[in-house]
Amino acid sequence: MCGIIGYLGPRPAAAVVINGLRRLEYRGYDSAGLAILREGRILVQRAIGKLSNLEAKLQAEPDLLTASHTVGIGHTRWATHGGVTEHNAHPHLNDAGSVAVIHNGIVENFVELKAALEGEGVRFRSETDTEVIPHLVDLFMKDGMSFERAAFAAIGRLRGSNAVVMMCAEAPDTLIAARLGNAGGIVIGLGEGEHFVASDVPGILEYTRRVIFLDDGEVAVVRLDGLDVRRLDGTPVEKRAHIIPWDPVSAEKGEYRHFMQKEIFEQARAITDTLRGRVNFQTGAVHLEQLALDEANRPARIHTVACGSSFHAGLVGRFYIERIARVPVEVDYGSEYRYRDPLIAPDTVVLGITQSGETADTLAAMSAGRERGAPAWAIVNAVGAQAERLASGVIHMRAGPEIGVCSTKTFLTSIVDQYLLACALAQSAHTAEDEQSYALARALAHLPGLVSRMLDDDPIYQELANRFHNREHFLFLGRGVNYPIALEGALKLKEISYIHAEGYPAGEMKHGPIALIDEKMPVVCVAVRDNVYEKMISQIEQVKARGGTVIAVATEGDDFIRGKADYVIEVPPAEALLTPVLTAIPMQRLAYEMAVRLGCDVDQPRNLAKSVTVE
Ligand code: AGP
């Protein structure tokens, strides 16, 4: 949730930290702060609100951003303990101001630790759990420990899932970074004579693509002349460096007004990338490079676990895996799965879908499955993220960095990846019925082109946004494989425009939501020509009969629906199972245009964060 940055090297540390924070602001944005070591003293600046408020404060100290200060840390906050105040913004310091700490997660035993520290005479300045950490380090240092030993000792006292980075005035060439549990990643960027620490790759991508990821229980001691990673008990750990395939430009906004807009328009490219090298378009054979499928490890059933949009993608994927591979699928919210004490029969695989690879609830659900004996697979965008490391099989979304909080291209690619998975599973079974999977896989060749057409200029979105952006409620209806798209449409609208919206399976409308329909209620109906088309038409009739306004998402050239609906957004004809990839795009474009009209912060909607690392 919070964004973390650390730098050690010859560049002006404050500039690197601010730059990194700018790229991580999507992770949390209620306050920000940084600490820089200057002439043997730690200098701290904090500001509530957007990062620009902190930058404005730093203008008063122009030399700070240019002078080379070797070591610095910075943080964007998404509040858990304590309100949004300058005192609660990170970094937090000990009394003497010689140890500075930034943190993501929740120190579960902070009440006891705080009471013990207060008993030792420590005065707390914030209401955060984080503040116990610098005071603990300080206490251990007063007992004669070096900064490094004191840091290990303090980190060892923390309970819960936490990512921590700290610096000390007495150790000007050292940064310490630790990861405990799944509260959030720590990635260490390896440069030439310099090192970077971040909660997420985009924060350091501009400087290096060679990184290592810390695992649960690991602490990195980062020095100017090298780096060593140990477990909390001091055991050294050999880490493998990963090369991140993304280029820094792909994390820039370019000519677009918002990241979300850019990411919507990148979707044809993202789908091309996720298909690349995985489908033989002549034969239809599908090969997933990091997922070994043969008779021995072909699952008999799949439990999909995911949150938010990734959950909706999982609901679409259930259709694919059941229809194409005939493997039964259950789809659960990551936050619910472990609380129903799931029954895991032999040969079950738990499939986590998560663009960030960090969502705490999804990780916990994957772990719950593993504890009950099921291997975990992951569909993930962030290369090397925790979900990938929990999994024995991985499908990378290859969507490139997604900075807008609203999932767009990762939603589409995770759907396509489940389609690939379904075909690969079917093909690994070698049965006559699975022949259809080869034809279905060949249909993917047309998908990037169809998606491109959905991205053409279309005045309908402007028209609809102009007409409806002041409405208070929206209803989204879909059926069959497009029912999850109705859920996704409502989520997109809610999260970026703050308009209340409900997504519903169309057939259920008559069991309740129909009471809401009147002339003030726009109803978006996904009604492409598929096996539930006629049923959708009858839902449209029912909405119209009650004075509702119908915005239909329908197949190109469907004149019949034009006679029924008030507005029509067209999607090109496609293989029926693939239509969600196309019908999702009007949901994104509509929500985007509405949010822009309403002056909302599209990329950083209030209260939300891109990686939800708390449970
Ligand atoms: C979608 O627009 C949201 N930002 C959110 O629902 C998101 O899909 C959810 O938090 C899960 O994230 P993940 O894919 O990184 O696990």
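Me: What is the relative accessible area of F468?
Reply: This is a predicted model, in which local features need pLDDT of at least 70, side-chain atom pairs count only at pLDDT 80 or more, and totals for chains, interfaces and linings use all residues. Residues are numbered from 1 along each chain as its sequence is written, and side-chain values use heavy atoms, leaving out hydrogens and water. Buried means under 20% relative accessible area, exposed over 50%, and partly exposed in between (1.4 Å probe, protein chains only). F468 is buried, its relative accessible area being 0%.

Me: How many aromatic pairs does the count come to?
Reply: Rings of Phe, Tyr and Trp (its six-membered ring) pair if their centres lie within 6.5 Å; planes under 30 degrees apart are stacked, over 60 edge-to-face, and the rest tilted. By this rule, the number of aromatic pairs is eight.

Me: What is the angle between the planes of Y320 and Y419?
Reply: The rings of Y320 and Y419 are 5.0 Å apart, centre to centre. They form an edge-to-face pair, with the planes at 90°.

Me: How many residues apart are Y320 and Y419?
Reply: Helices (H or I, at least four residues) and strands (E, at least two) are DSSP runs, numbered from the N terminus. Y320 is in helix α9 (residues 308-325) and Y419 in helix α13 (residues 409-429). The pair links distant parts of the chain, and the separation in residues is 99.

Me: How far apart are the ring centres of F468 and Y567?
Reply: The planes of F468 and Y567 stand at 85°, so this pair is edge-to-face. The distance between the two centres is 5.6 Å.

Me: In which strand does Y567 lie?
Reply: F468 lies in helix α16 (residues 459-468), so its pair with Y567 ties together parts 99 residues apart in sequence. Y567 is buried, at 13% relative accessible area. The strand of Y567, covering residues 567-571, is β24.

Me: Which residues form one aromatic cluster with F468?
Reply: F468 belongs to a cluster of aromatic residues.

Me: Over the ring of which residue does the charged end of R606 sit?
Reply: A charge sits over a ring if NZ of Lys or CZ of Arg is within 6 Å of the ring centre and within 35 degrees of the ring normal. K114 lies in this way over the face of F124, 5.0 Å from the ring centre. For R606, the distance to the ring centre is 3.8 Å, and the ring is that of Y498.

Me: Which side chain of opposite charge is nearest to D30?
Reply: Lys and Arg count as positive and Asp and Glu as negative, while His and the chain ends are not counted. A salt bridge is a side-chain nitrogen of Lys or Arg within 4 Å of a carboxyl oxygen of Asp or Glu. D30, in the loop between α1 (13-24) and β2 (31-38), is buried yet has no salt bridge. At 4.5 Å, the nearest side chain of opposite charge is R77.

Me: How many salt bridges does the count come to?
Reply: The cut-off given above for a salt bridge is applied here. The count is 34.

Me: How many residues apart in sequence are R22 and E55?
Reply: The side chains of R22 and E55 meet in a salt bridge of 2.7 Å, N to O. R22 lies in helix α1 and E55 in helix α2 (residues 51-58), so the pair ties together parts whose separation in residues is 33.

Me: In which helix does R453 lie?
Reply: R453 forms a salt bridge with E556, with the closest N and O atoms 2.7 Å apart. E556 lies in the loop between β23 (549-555) and α19 (559-562), so the pair ties together parts 103 residues apart in sequence. R453 is partly exposed at 41%, as is E556 at 33%. The helix of R453, residues 447-454, is α15.
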